Every structure is written in C-alpha cells, then in structure tokens.
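Here is a friendly walk through one structure, moving from a helix to a metal site and then to a side chain. Please keep the viewer open as you read.

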Amino acid sequence: MSTLIKGGTIVTAGDICAADLRMDGEKIAEIGKDLPQKDGDAVIQAKGRYIFPGGVDVHTHFELPFMGTISADDFKTGSIAAICGGTTSFIDFCFQDKTKPLAEAVKAWHEKSKKAVADFGYHMGITDYTPAVAAEIPSIIKQGITSFKFFMAYKGVLQIDDGQIIGIMEIIGKHGGLAMVHAENGDMIDTLVKRFVAEGKQPPEYHWLSHPALAEEEAVHRIIELARFTDQPIYIVHLSSADGLEKVKEAMSRGYKVIAETCPQYLLLSSDLYYKPNFEGAKWVMSPPLRPADHLEKMWDGLSKGFIKTVATDHCSFNFKGQKEMGRESFAKIPNGIASVGDRFNLLYTYGVGKGRLSLTRFVDVVATAPAKLFGMYPQKGSIAVGADADLVIFDPEAGGEVSAKTHHHNCDYSAYEGMKLKGLPESVLLRGKFAVRDGKYVGEQGAGRFIARGPSGKMM
Ligand code: DUC
Ligand code: ZN
Ligand code: ZN
C-alpha cells in the first residue's frame, strides 16, 4: 500500500512546485500533477501546506560527558525534540575518550543511540592525536563516519596544536574524510579566563568577555591557512562573529576551500543576555559565546548570500537547576551549551523566510540539503526526489506559536528562546514514510531511528 500526499506545494533547494507525492514503503515513489489515488492508497490532504524535506542538523551533543556533567538530552529526548521540530536526521559528535582508541567511542555511541527516533550519523571527535589514532582513521571512514572534528580551543582539555592539526588534515583528506574545527584561539581565551579568575570576577558575563571575537577571527584565519598548506577543505562549525565571517568571505573570494556553519543563536541572540540578574545569564553560556547585537544582521547577510552554507544547532543542553548552577562561584565552571535541536527549523523559517532574509529555497538548502550533501547523505536525505527516503515535513505556514520550556520536547528546564513568536509550524512529520508527528502530536515509534553510514564528506564544493 502506498500513501499519497495531495495538493501541497513541494519546496526543495532548487524549486517550488504544486504537485502530489506518492510514498511507497520508506521511499518517495512518484511526484507529479494530479496523481491518481490507487486502490488502498492512504491519502494525506496538504492543501495550503508546504512539503519540505526533513531537516538535517549536523551538530548535536546528546548525552555528552562534558565539563564535569552530562548533557541533559539523550538520544531519545533529543531526537523526539528534533523530529517534532521538523528535523528528521542529525549527526552527533562521537568523542574519543582521551588516550583510548576511536573504536571504543564508536561502540559507546552505538549503545547510546539505540534510543534515537530520528535517523542519525556520527562525526568522529579527535581529542588526542597519536600514531595509533592516525592508523584507525581509514577504518572509521569505512564504517560511514566520514567527518572528523578537532578543537583549537579548550586548552588543556580538548585543544590540539597546529602540528597535530596538519597531521590530522593530511590523513583525513587522503582517505576521503572532511575535517571540521571549533575555531577559537584557546590560548587567548585561557589567558583571559585565568586573569578574570585571579581578579575574583565570577559572574556569567565574564564568559563572553573571555572569548573575544578576535579569538575566533584569529583561529578562522589560521585554520584557513592550514587548510591551504595541507590542500584540504575545512568545515568551520558554529561560526559566531562578523569578524570570523570576514575571514571566511576573504578566503572564499580567493577560491580557498572553506565551508562555514552557523547556528540560530548567532543569528538571533546577543551578548546583553549575559547581564541578566540572579545568575540567569548562565543560561546562554556556550562556546563561542553570543556576540553584540550588531553582528546579527551581518551573519544573516552572510547566510543569505551563501558565505555561510549550513545552519546547525550545537545542541548541548544543561538544566539551569543543578547543571548551569555548577558555575555560581565561577563563570569558568558553567557547562557550555544550550538546547535548540527542536527550534532550529522553525526559528529559521519565522525569522529567515518570514522576515524576508531567506527565500524558501535557500531556507531548505541551509536546513536540509546543503548539510546532507556536504556530509555524504544526499540524495537519501535532504531532498524530495523519487528514490529518496520519504522524510518529509508537512508545514502549515499560517500556524502560530511561541517557543517555551513549558511546551518544548527538550529535556531541559528552560529555553534559550523563551517567548519568541513563531509563524509557521510543522503539522506532520514523516520519517521514511511513517508518521512521527501527526497534526502536531508526536506519534513516533520507540527506537525508530537508524544509523546512516555516510558516503564521502566535503564533496559539494
Ligand atoms: N560549545 C558548546 O557550547 N557546547 C559544547 C561544545 C562546544 O564547543
Ligand atoms: Zn565547538
Ligand atoms: Zn559542538
């Protein structure tokens, strides 16, 4: 039996067209005008609705041990929030436990991800680059984990040096993987953190004051030069500042292979939030930090013009009670991160498409198609095409709502976007042809998410 979606407007990264769509099992079987209902066909009426490909969030941290605690959303709550918010696939960072083999981390992530209700892949996070780790890289790539992240920040914990970066980039490139980087200068940050701590400065605002945009600008510039030196592309995660963006633009105008991602928080929220009284500013402590308001329109401009290719979330949730509060005595102990995997798609629609900053097709590109292409999942994911997975969002552009911790599906006691209005919401979401959300209600199956063994990453450039 197949299912017919009738009367909707199909939007892809390249086209907008009024057409019907037939799903057969897990796949899209037919797209066309006035498709006939076959015997036994189920029919979904989609008049006045957009049909988008399911969102692809390539930056999550579920159940991550980090800064002395564990991020609050696990693969179950995180993926339920994702799918309710129109995101049907995500890539989580599988972090090597320092000194241990990469394969051990992969095993641990396969265990945790059994609870996922959306489809998922992993990026490999390298925290300790040794000859033994280098030797494991080809086998990790063969398992469909084709992208590798490392850090230029978090000195003494995750940060690696330029020599190690060169080594990693060369070996990843040789085997068809894509290098990804957290680009902030960890030594600049470490100097400022130590200085503020020595001066007895405790409140949350010292987090952003110790992570200046210059630290991002310098690291973005340096990684671009290291990418040139190794002749490899580089994917910069969570670009946060207009200063960093200028470096990306400059490099792109010279034809260098740099790919930038940003997140909704760097488009919509600003650093004045750190000054909220009663330690509330801790809610927005993340790295990189929020920037002053004058960065936001510049980031939207970079996104709409294609200098920024993808919008992911860096979802890494910590409850205010008991987790963010670990830093009451010092900003340096506040666990870094916010919840947002369930908000990305809707925020980008309302504040991107709704405010005239993104066209409909550009919206689909940045939330679904470009990430799927870059990370070796296209056209199975991120597209509406015959033969692709039937991961679809039936979207009501007239529905109104508001982001709130009272209604969100994140396992987190606050929302970084509390009170922000939404115009346009997913009405139903299908994962491989099955309803996960129907008429706004989660109806997914336990453990329905499937590991995506990805093809080569970095190939859309
Ligand atoms: N930044 C965060 O805010 N959280 C997780 C890791 C990171 O780089
Ligand atoms: Zn990071
Ligand atoms: Zn991250």
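Contact here means heavy atoms within 4.5 Å. Helices (H or I, at least four residues) and strands (E, at least two) are DSSP runs numbered from the N terminus. This is a predicted model, in which local features need pLDDT of at least 70 and side-chain atom pairs count only at pLDDT 80 or more, while totals for chains, interfaces and linings use all residues. Residues are numbered from 1 along each chain as its sequence is written, chains are lettered from A and ligands numbered from 1 in the order in which they are written, and side-chain values use heavy atoms, with hydrogens and water left out.

Let us begin with helix α4. Its 13 residues, 162-174, span 18 Å from the first C-alpha to the last, close to the 18 Å expected at 1.5 Å a residue; that expectation is 1.5 Å times one less than the number of residues. Ile165, Ile168, Met169, Ile171 and Ile172 of α4 are buried, where buried means under 20% relative accessible area, exposed over 50% and partly exposed in between (1.4 Å probe, protein chains only). Which elements cover these buried residues of α4? Among them are α3 (131-142), β13 (147-151), β14, α7 (213-230) and β15.

The N-terminal end of α4 is capped by Asp161, with a side-chain oxygen 3.1 Å from the backbone nitrogen of Gly163. Just after α4, Gly176 has a positive phi of about 85°.

Next comes the metal site. The zinc ion (ligand 2) has His182 (ND1) and His238 (NE2) as protein donors, 2.1 to 2.2 Å away. Donors are N, O and S atoms within 2.8 Å of the metal (3.2 Å for Na, K and Ca); water is not among the atoms, so sites may look incomplete. The two histidines are 56 residues apart: His182 belongs to strand β14 (residues 178-182), and His238 to the loop between β15 (234-236) and α8 (242-253). His182 counts as buried because its relative accessibility is 1%, and His238 is buried at 1% too. The zinc ion (ligand 2) lies 3.7 Å from the zinc ion (ligand 3).

Finally, look at Arg454, in the segment after β21 (441-442). With a relative accessible area of 4%, Arg454 is buried. Its contacts beyond four places in sequence include Ile91, His123, Phe375 and Met377. Arg454 and Thr146 are 308 residues apart in sequence, yet 6.6 Å apart in space, C-alpha to C-alpha.

A polar contact is a pair of N or O atoms within 3.5 Å; within protein, one must be able to donate a hydrogen and the other to accept it, and residues adjacent in sequence count only if both atoms are side-chain atoms.

| Partner of the Arg454 side chain | Distance |
|---|---|
| Thr146, side chain | 3.3 Å |
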